[in-house]
Every structure is written in structure tokens, then in C-alpha cells.
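Let's take a walk through this model together. Have the viewer open and follow along as we go.

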Amino acid sequence: MTDFTLSKTKYIAGLQCPKLLWTHYHAQKMFPPTDVQTQAIFDQGHEVTAIARTLFPEGIEIKGFEDYDAVLGQTQQLLAQRKPLFEPAFRYKNTFARADVLNPNSDDSWDLYEVKSSTEAKDVHYPDLAFQKYCYQGSGLRIKRCYLILVNNSYIRKGALDPKQFLSILDISKEVEPLVGTIEKNLEQMLKILNEKSSPEVKIGPHCNEPYECGLKEHCWDFLPEDHVFVLSRLNKVKGFQLIEKKICKVTEIPEDFKLTDNQRVQWQCHKSGETHRNISEIKNFISQLKFPIYFLDFETVSPAIPFYDLSWPYQQVPFQFSLH
């Protein structure tokens, strides 16, 4: 039996899908390279974390990634200073975790802070912190409280960015505590999966997109035909997977009595007949209302977590380019 070590990222992957977890350790090459958009989200998260660190002016960063023993050693040396620590590393049994911020209290306890670039707490954040608390307490720390540092979307920038106004701190200790007791059993199941010689068979389902879109989705969904049921406009995901479960994969295989919206019904009929749907009267009605000259406006926006300009706010859609024809 191989001795695997799980980080919080791998633990969350294991909660999402056992196949996803197994592939991370045994078939990493199956994952596509990180695209530009995803990398931008990662980079934005790092920027928010850097701002959050300014809330702890005496904080000390534990640097390094490749040498686990080195960062573990640095962490143990710095704990005695009782100052805020950024990225302190701990290992307990088969877990390894690094906190965004560990902040000392006046007694011998510590508070745990996790920085997220979202504007509200999400379900996935609770097991994230529970895993960390399990690891840290197993390593000998006493964790008193667990916090999320989030982006405050009601903040409006005026002049230099104000970290205390830009960020909000949420105490989620009560939500995290019950989950700490589930970690041991979950880890036991995950380690059993990791020691299997082949990947577990997992049917596609809502977990393919929750809490994150899975990097294996293209691979796991490749059995679906080109005109699969999910091409229907705004198809409820639960309904879609119910159809797949019944071996109904193509739009044309959907029974006539299956409940669809009006737009979905039009699509279904087009796939069945092979003909294009045209509402000639509506098209004529629209064209009759046009008055020349006609102007066509195209524009692009950006919605950064950290507002660029005065009087803008986090995630505001800010136009940066347009063309008028």
C-alpha cells in the first residue's frame, strides 16, 4: 500500500469526485493545460491575498514550495515568535496544509484565516477550512476561530485602495466545527481509492460542475453525441442527467411527452425534422421598426475583483473598448 499525502485542494477534489482525485495522483497528464482565463482567475486570487496580508502588518511569510521539509521546519521555528504567519506549513498523518494566515491570540491559541476572492461564503469553503483545522490541530496547534476574508462588493474606490474597506471578514467557526469530525472518515475512503490500481467508474452528473468545473469533463463526456441533450437552451441540469441515466443522450431521442419550455420544444422539433425554424412575421415586424441610419455598437468589458478606477467597485462591468459601425 502506497502512503499518499493529501493537500486541501486534493481533499476538495476527492469530495467532488473519486475519479477526479485518483486521476490527480495516477494520471496527471489527462488534465488539459491551464487556459488563459483560468490562470487570470488564479492570478486575481493571489492579488487579493496580497492585499489581505496588509491587514496583518507584522506578518511573516514562509517561502518555498518544492521542499516540504524545509517549509515545515521554517514554520516550527517561527511559531515561537507568536506573530501572524503567511503560508505556514503543517503535516499530520496523510494531510498537508498551508494557511493563508495564522494569527496568534493572547493565550496559546491561533485564529485561522482563509482568503477568497468571492464576495460571499460558499458551501465549498467550509470543508476547506475544516481540513486545515484538522491538520493544524493534529500537528499540535489550538485553533480557536476560523475566518473567511472576502471581497466586499459594496466598497466603492475613492483614491488609494483601502484594504480594510475593500475586504470583509466573516467568522465561520460554527459552520466549520462539525465538519472537522468528518475528515478522518473521508480521508480513509479517499486513501482506499488512491490505492486502487485503476480509476473508479463514475457516471457524469451535477458533480462535474460543482463546486468547480472538472478538468476531466471533456474526457468523461466524450461518449455523448454532438447533438446531446445539453444543447437544449437553459435545460435544467437535473433533467438533463435524468435523461442520460435513462440512456437518452440525443435530442432526437427525447420523448414527445417530456416537459420542455417553448424554446426547447422548438429546438427539439428542429432536430427531429432537420429543418430550420423561422418566424417570418416576427422578423418582418422587427425590421419594420428600424429607421435608418442604423448604428451597430460593439463593446468589451472587464470585471476585476480589485477596482481599477475611482467610483468603481469590485466585479463591476467596466467597458474598455468599443466600436461603432
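In which loop does Pro211 lie? Pro211 sits in the loop between helix H8 (183-194) and helix H9 (217-220); helices here are DSSP runs of H or I with at least four residues, strands are runs of E with at least two, and both are numbered from the N terminus. Before going further, some ground rules: this is a predicted model, where local features need pLDDT of at least 70, side-chain atom pairs count only at pLDDT 80 or more, and totals for chains, interfaces and linings use all residues. Residues are numbered from 1 along each chain as its sequence is written, and side-chain values use heavy atoms, with hydrogens and water left out.

Back to that loop. The peptide bond from Glu210 to Pro211 is cis, with omega near 0°. The bond from Phe292 to Pro293 is cis with omega near 0°, and Pro293 belongs to the loop between helix H12 (280-288) and strand S9 (297-302). Most residues other than glycine have a negative phi, and most peptide bonds are trans.

On the phi side, look at Glu87, with a positive phi of about 65° although it is not a glycine. Glu87 lies in the loop between strand S2 (85-86) and strand S3 (89-92). At a relative accessible area of 17%, Glu87 is buried (buried means under 20% relative accessible area, exposed over 50% and partly exposed in between, using a 1.4 Å probe and protein chains only). Leu311 has a positive phi of about 70°, and is not a glycine either. Leu311 is in the loop between S9 and strand S10 (318-324), and with 57% relative accessibility it counts as exposed.

Now for a hairpin: five residues join S5 to S6. S5 and strand S6 (residues 110-115) pair in the antiparallel sense over four bridges (two strands pair if DSSP finds at least two bridges between them). Within that pairing, Asn103 stands opposite Asp111 in S6. In strand S5 (residues 101-104), Val101 and Asn103 point one way, Leu102 and Pro104 point the other way, and all are buried. In a regular strand the side chains alternate between the two faces of the sheet.

Next, pick out Lys8 in helix H1 (residues 8-16). Lys8 is buried, with a relative accessible area of 17%. Its side chain makes a polar contact of 2.7 Å with that of Glu114 (a pair of N or O atoms within 3.5 Å; within protein, one must be able to donate a hydrogen and the other to accept it, and residues adjacent in sequence count only if both atoms are side-chain atoms). Leaving aside residues up to four places away in sequence, Lys8 touches Phe96, Glu114, Asp128, Phe131 and Gln132, where contact means heavy atoms within 4.5 Å.

On a 1 Å grid over the protein atoms alone, a cavity is a set of points where a 1.4 Å probe fits but cannot get out, while a pocket is an open set with protein on both sides within 12 Å along at least five of seven lines; lining residues have an atom within 4 Å of a point. Grid points are joined across faces, edges and corners, and a volume is the space filled by probe spheres set on the points. The second largest pocket has a volume of about 280 Å³. Helix H10 (residues 237-245) gives the largest share of its lining, three residues.
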